[in-house]
Amino acid sequence: MSTAEAPRTVTASPVLELQLDCRSEAVGPARHLVGTYMARLEPSVEKDTREAVILVVSELVTNAVRHAGGKSCTLRLLADPSSIVVSVGDDSPVLPRPRTPDVTGEGGGFGWSMVCRIATTVEVSRGPHGKTVTAIIPRQERRTGPGQDAAAAPRPASTAVRRGGHPGLTG
């Protein structure tokens, strides 16, 4: 049985680590395992946060499958009291980049900018065997002032932040 059908859990809560075959069939099981993992977290995670984390996982694993060209990728989630940290590692040293979205639905181009909007921080680090993309999603919705929506709320700064697919990455 391939790891795309049944990824193995390496560690237990508050950390989830999976080794996935770098194939499109890996995305669905990864989403399911992340949803199950998050449903068991204490304190519980708000529905909107769970959905945001699952979406980020889906996009980052899909990007690894489509663009990394390796045989496997890793998925790691770390839950702490204030955030869920999602890390996806793959064998490619090529950094993610924004692409013009394909509105026909065939070529993608939406995922990277979506991840950068959802996460408060997105970092990319290169290692000797590829790269790791890390996205930090707050456990609680960002609180905003009157007349200000959560998307417009100030975000913490980081030298490795890539929001909306524009500022620089670590390398």
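Here is a friendly conversation in which a colleague asks how the descriptions of this predicted model were reached.

Colleague: Before we start, what kind of model is this, and how are its residues numbered?

Modeller: It is a predicted model, with local features needing pLDDT of at least 70 and side-chain atom pairs counting only at pLDDT 80 or more, while totals for chains, interfaces and linings use all residues. Residues are numbered from 1 along each chain as its sequence is written, and side-chain values use heavy atoms, with hydrogens and water left out.

Colleague: Happy with that. How many helices and strands are there, and what makes something a helix or a strand?

Modeller: The chain has three helices and six strands. Reading from the N terminus, the order is β-β-α-α-β-β-α-β-β.

Colleague: Let's take a residue, then. Where is K131, and why is it called buried?

Modeller: K131 sits in strand β6, residues 130-138. Buried means under 20% relative accessible area, exposed means over 50%, and partly exposed lies in between, using a 1.4 Å probe and protein chains only. K131 has a relative accessible area of 8%, so K131 is buried.

Colleague: What makes the pairing of K131 with D90 a polar contact?

Modeller: A polar contact is a pair of N or O atoms within 3.5 Å; within protein, one must be able to donate a hydrogen and the other to accept it, and residues adjacent in sequence count only if both atoms are side-chain atoms. The side chains of K131 and D90 are joined at 2.9 Å, so the pair meets that distance limit. A polar atom of the K131 side chain also lies 3.2 Å from the backbone oxygen of S92.

Colleague: Which residues does K131 touch?

Modeller: Contact means heavy atoms within 4.5 Å. Leaving out residues up to four places away in sequence, K131 touches V88, G89, D90, S92, V94, L95, P96, V124, S125 and R126.

Colleague: Now for a contrast: what makes Q140 partly exposed?

Modeller: Q140 has a relative accessible area of 39%, so Q140 belongs to the middle class. Q140 is in the segment after β6 and touches E46 and T49, not counting residues up to four places away.

Colleague: On to the helices. Why are α1 and α2 called roughly antiparallel?

Modeller: Axes are lines fitted to C-alpha atoms, for helices over the stretch in contact, and angles run from 0 to 180 degrees between N-to-C directions. Angles under 35 degrees count as roughly parallel, over 145 as roughly antiparallel, 65 to 115 as roughly perpendicular, and the rest as oblique. Helix α1 (residues 27-39) and helix α2 (residues 47-67) pack at about 150°, with axes 9 Å apart, and therefore α1 and α2 are roughly antiparallel.

Colleague: Which residues make that contact, and how do they divide by class?

Modeller: From α1 come V27, A30, R31, V34, G35, M38 and A39, and from α2 come T49, R50, V53, I54, V57, S58, V61 and T62. The contact has nine nonpolar, four polar and two charged residues. Here Ala, Val, Leu, Ile, Met, Phe, Trp, Tyr, Cys and Pro count as nonpolar, Asp, Glu, Lys and Arg as charged, and the others, Gly among them, as polar.

Colleague: Why does V27 count as buried?

Modeller: V27, in helix α1, is at 12% relative accessibility and so counts as buried. Beyond its neighbours within four places, V27 is in contact with S58, V61 and T62.

Colleague: Last one: how do α2 and α3 pack, and which residues meet?

Modeller: α2 and α3 pack at about 145°, with axes 10 Å apart. In α2, A52, L55, V56, E59, L60 and N63 meet G111, W112, M114, V115 and I118 of α3. These divide into eight nonpolar, two polar and one charged. The buried residues of α3 (residues 111-118) are G111, W112, S113, V115 and C116, and their cover includes α2, β5 and β6.

Key:
Helices (H or I, at least four residues) and strands (E, at least two) are DSSP runs, numbered from the N terminus.
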